[in-house]
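Hi,

Here is the structure I said I would pass on. Have a look at it first, and then read my notes below.

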Amino acid sequence: MSGRRTANGKTRMAEIAALAGVSKPTVSKVMNGQPGVAAATRERVERVIAERGYVRHSAARALSAGRAGSVNLVVKEIDNAYFSEIIRGVEETLERAGLSMVLTATHDEARRHRRWLARVVEHGTDGAILVLPDEHFAHLGELRRHGVPVALVDDRGESPPDVPSVGATNFAGGFAATEHLLSLGHRRIAMISGPAFKSTRERAAGYRTALQEAGIQPEPLLEKPGGFVAETGHGATRELLRLPDPPTAIFTGNDLQAMGVYRALYEAGLRAPDDVSVVGFDDLPFARLLTPALTTVRQPVREMGALATRMLLRVIAGEKLESARVELATSLIVRESSAPPRP
């Protein structure tokens, strides 16, 4: 008999009972830590649970019985406004559901990844929300083998179609940012992109498509890859300003890069938008506080975390999702950092 857990809690319990040669009420007592089960029987049931990769789901029971469970949230780092917004969305949603959040930051360290995964496998969890780049694929197989429901936020690769994931309309966002600059009269528009993630590729595709539809051939020299950090924005802008024909506008892959652009412009004796217009991506809380206030593409980051959490809780409760992949709409927020180019 297959050890694959099903969405139906009764079927799952029946499978354990059949494999252990006991009744379903006995399995229920073991899984809920109740007395009245002989030591040898309890050990046999526990062994079947461990061998078949079943994990006790206190969250599923909590949702139906009003008791508290917990969900793991794994992010790259916590001292980044992007991840902070996702954390807030997840935490607020779990709190309303009466559940607690267990937060882990991996800092891109393989050791931390392995340690977290081993802890989850050994002690169990009610569900996991991953906000990681490509390395989440290494986790997915192991987590699913142990019956842990998983949801992804800002999926940066090609996740399995049955894994709940929430992202944003990155292509539309890249297109809108570039189209806005084109509408102001800019023709030399550079893009500072990020790591080789799915979202990065989609934003760049939107940027190139907008240029092509305006009759402008994208120039490789005006596209600068890098990380989603201010340092990338700073270094890339310095390179762009050294070009024989520098850009009059820069579209960045995220708001942190835009901060680096501001710094590079300041060091060169320039400013936005008088000399170079700047458009970011994310609309993190600090974007409106910059000087000048940053024109940016709003990605509903907190809502992405909240929706992924709601989807995960539905899976834990045994409900069927209408769609495993959801993309929330991006929108252009025009502020002070973009203006027509100088004549």
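Of the 343 residues in this protein, 51% count as buried, where buried means under 20% relative accessible area, exposed over 50%, and partly exposed in between (1.4 Å probe, protein chains only). Bear in mind that this is a predicted model, so local features need pLDDT of at least 70 and side-chain atom pairs count only at pLDDT 80 or more, while totals for chains, interfaces and linings use all residues. Residues are numbered from 1 along each chain as its sequence is written, and side-chain values use heavy atoms, with hydrogens and water left out.

On confidence: the average pLDDT (the predictor's confidence in each residue, from 0 to 100) is 85, and 84% of the residues score at least 70. Residues 1-11 fall below 50, and that stretch has 23 contacts in the model beyond near neighbours in sequence; a contact means heavy atoms within 4.5 Å. Residues 61-68 also stay under 50, with 17 contacts beyond four places in sequence.

Now the fold. The protein has 12 helices and 12 strands, taken as DSSP runs (helices H or I, at least four residues; strands E, at least two) and numbered from the N terminus. Among contacts between residues at least 6 apart in sequence, 69% join residues at least 24 apart.

β9 has parallel partners in β8 (residues 249-252), through 3 bridges, and in β10 (residues 295-298), through 4 bridges. Phe-251 has Val-279 of β9 as its bridge partner, and Gly-280 stands opposite Thr-296 in β10. With helix α11 (residues 255-267), β8 and β9 make a right-handed β-α-β unit; right-handed here means that, with the strands pointing away from the viewer, the path from the first strand over the helix to the second runs clockwise.

Two residues I looked at individually:

- Thr-309 is in helix α12 (residues 301-316) and counts as buried because its relative accessibility is 1%. Its side chain reaches the backbone oxygen of Gly-305 at 2.7 Å. Leaving aside neighbours within four places in sequence, Thr-309 is in contact with Val-90, Thr-93, Leu-94 and Ile-129.
- Pro-246 lies in the loop between α10 (230-241) and β8, and counts as partly exposed because its relative accessibility is 29%. Not counting residues up to four places away in sequence, Pro-246 touches Arg-188, Leu-240 and Leu-241. Pro-246 and Val-276 are 30 residues apart in sequence, and their C-alpha atoms are 9.5 Å apart in space.

That's what I have for now.

Cheers

Definitions and conventions
Polar contact = N/O pair within 3.5 Å; in protein donor to acceptor, adjacent residues only side chain to side chain. Pairing = 2+ DSSP bridges.
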